[in-house]
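Let's go through this one as a chat: I ask how we know something, and the reply checks it against the rule.

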Amino acid sequence: MAIYKFRITFEDFDDVVREIDIKSNQTFEDLHRAIHRSTGYNAEKSSSFYVSTDNWLKGDEIAYLPSERKKDRVVLMENSKLSGFIEDPHQKFYYIYNFDRPYDFHVELVKIILDADPNIEYPFLAKSSGEAPKIFESSNAPVADPGLAVGATAGEFDFLNEMNFVPEDTDELEAMGDMGINEEERDEDEENEEDEFGDEFSDSDNYEDDSHKDDY
């Protein structure tokens, strides 16, 4: 029985690496669960492997808990043996975990071991380096999220992050202010302007009255 050694890395966190040894006749669901035993994430999330090119372009999809819309168009992880999708000694798979709040992974076959070790239970975590980013789920139990703002705690509403704020949005916010967000300040300014003009016109009226008196 051949053993596949896969190297798994986060697309956005190169320092987090896992290497998993798994039997060639085991399924993509076995690999999916092995990955999340090593990350600490909840494996019961809609996720997919994609047969990938060397440049990580996605091809055929192998899904776990697919949506109703996708069910008829994908094969399922639990029914798909790894050996059926290995076409290259360095076969690559693009893997997306949890479509509701996705993390992207690169999965690459780095070695084929011809004989299984009878003392090892597969899948087997052969290497682990780096800590998987924490996700905070609605239960407030940390499983991990690099997007959580510094100083924010689980369960708090982080306005800027939740609204997908980016620094360039400051111009837009300023423009909104010009369009009426600070109405109280604008009203005060207008009242001050009216008082100034009012005083000026009142002085002019007095001047005209005095000039008429001089005529008489």
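Q: What makes the residues that L31 touches count as contacts?
A: A contact means heavy atoms within 4.5 Å. By that rule L31 touches F6, I20, I22, F49, L82 and V107, leaving out residues up to four places away in sequence. Keep in mind that this is a predicted model, where local features need pLDDT of at least 70, side-chain atom pairs count only at pLDDT 80 or more, and totals for chains, interfaces and linings use all residues. Numbering runs from 1 along each chain as its sequence is written, and side-chain values use heavy atoms, with hydrogens and water left out.

Q: Which residues touch the most other members of the largest nonpolar core, and what makes it a core?
A: A nonpolar core is a set of buried Ala, Val, Leu, Ile, Met, Phe, Trp, Tyr and Cys residues joined through side-chain atoms within 4.5 Å. The largest one has 29 residues, and F6, L31, F49 and F93 touch the most other members. Elements giving two or more residues to this core include β1 (3-10) and α1 (28-39).

Q: Why is the pair of Y4 and F6 called edge-to-face?
A: Rings of Phe, Tyr and Trp (its six-membered ring) pair if their centres lie within 6.5 Å; planes under 30 degrees apart are stacked, over 60 edge-to-face, the rest tilted. The centres of Y4 and F6 are 6.0 Å apart and their planes meet at 75°, so the pair is edge-to-face.

Conventions:
Buried means under 20% relative accessible area, exposed over 50%, partly exposed in between (1.4 Å probe, protein chains only). Helices (H or I, at least four residues) and strands (E, at least two) are DSSP runs, numbered from the N terminus.
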